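User: I'm new to this and want to go through one structure with you. Let's take it a bit at a time.

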Amino acid sequence: MVTGGNKGVGLEVCRQLALQGVTVILTARDEKRGKDATETLRRESQLPNIIFHQLDVRDDDGVTSLAWYIKNRYGKLDILVSCSLLLFSY
């Protein structure tokens, strides 16, 4: 699962993991942007193993809903990449 996977570093992380055969759950706060990013990756890179799920990491109910989805669909989460809260120090 990649949080903030709809743009920038997160989008590229999704692409690279999917290219390695990993089933990727691309998450984003904005549903339209997340779905658009997922469809773009599927179409441009021929990556059918990318799934979108809406997620705002600040919303406890949304986090719980996603956790239940992952548990029921996949049993567990193997990889978590958080690109939604990247901080840079110079």
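Analyst: First, a term. A helix is a DSSP run of H or I with at least four residues, and helices are numbered from the N terminus. Also keep in mind that this is a predicted model.

User: OK. Which helix is D60 in?

Analyst: D60 is found in helix α3.

User: And is D60 buried or exposed?

Analyst: D60 is exposed, because its relative accessible area is 61% and the cut-off for exposed is over 50%.

User: Where does T40 lie, then?

Analyst: T40 lies in helix α2. With a relative accessible area of 25%, T40 is partly exposed. A polar atom of the T40 side chain lies 2.9 Å from the backbone oxygen of D36.

User: What about T38, buried or exposed?

Analyst: T38 counts as buried, because its relative accessibility is 2% and buried means under 20%. T38 lies in helix α2. A polar atom of its side chain is 2.9 Å from the backbone oxygen of G34.

User: What does T38 touch, leaving out residues up to four places away in sequence?

Analyst: On that basis, T38 touches L26, I50, I51 and F52.

User: What is the phi of Q46?

Analyst: Q46 has a positive phi of about 55°, although Q46 is not a glycine. Most residues other than glycine have a negative phi.

User: Are Q46 and L47 buried or exposed?

Analyst: Q46 is exposed, with a relative accessible area of 63%. L47 is buried, with a relative accessible area of 5%.

User: What does L47 touch?

Analyst: Not counting residues up to four places away in sequence, L47 touches R15, A18, L19, L41 and R42. The C-alpha atoms of L47 and T23 are separated by 9.5 Å, and these residues are 24 apart along the chain.

User: R15 is on that list. Where is the place of R15?

Analyst: R15 is in helix α1, which covers residues 8-19. Its side chain makes a polar contact with the side chain of E12, at 3.0 Å. Leaving out residues up to four places away in sequence, R15 touches L41, S45 and L47.

User: What about G4, where does that lie?

Analyst: G4 lies in the loop between β1 (2-3) and α1. G4 counts as buried, because its relative accessibility of 19% is under the 20% cut-off.

User: Which residues is G4 in contact with?

Analyst: Leaving aside its neighbours within four places in sequence, G4 is in contact with G10, L11, T27, C83 and S84. G4 and D30 are 26 residues apart in sequence and 9.6 Å apart in space, C-alpha to C-alpha.

User: Which residues line the second largest pocket?

Analyst: The lining is M1, L17, V22, T23, V24, I25, I70, Y74, K76, L77, D78 and I79. These residues divide into 9 nonpolar, 1 polar and 2 charged.

User: Last one. How many aromatic pairs does the count come to?

Analyst: The count comes to 1 aromatic pair. The ring centres of Y69 and Y74 are 6.3 Å apart and the ring planes are at 80°, so the pair is edge-to-face. Y69 is partly exposed, with a relative accessible area of 23%, and Y74 is partly exposed as well, at 32%. Y74 is also one of the residues that line the second largest pocket.

Methods: Residues are numbered from 1 along each chain as its sequence is written. This is a predicted model: local features need pLDDT of at least 70, side-chain atom pairs count only at pLDDT 80 or more; totals for chains, interfaces and linings use all residues. Side-chain values use heavy atoms; hydrogens and water are left out. On a 1 Å grid over the protein atoms alone, a cavity is a set of points where a 1.4 Å probe fits but cannot get out, and a pocket is an open set with protein on both sides within 12 Å along at least five of seven lines; lining residues have an atom within 4 Å of a point. Ala, Val, Leu, Ile, Met, Phe, Trp, Tyr, Cys and Pro count as nonpolar, Asp, Glu, Lys and Arg as charged, and the others, Gly among them, as polar. Buried means under 20% relative accessible area, exposed over 50%, partly exposed in between (1.4 Å probe, protein chains only). Rings of Phe, Tyr and Trp (its six-membered ring) pair if their centres lie within 6.5 Å; planes under 30 degrees apart count as stacked, over 60 as edge-to-face and the rest as tilted. Helices (H or I, at least four residues) and strands (E, at least two) are DSSP runs, numbered from the N terminus. A polar contact is a pair of N or O atoms within 3.5 Å; within protein, one must be able to donate a hydrogen and the other to accept it, and residues adjacent in sequence count only if both atoms are side-chain atoms. Contact means heavy atoms within 4.5 Å.
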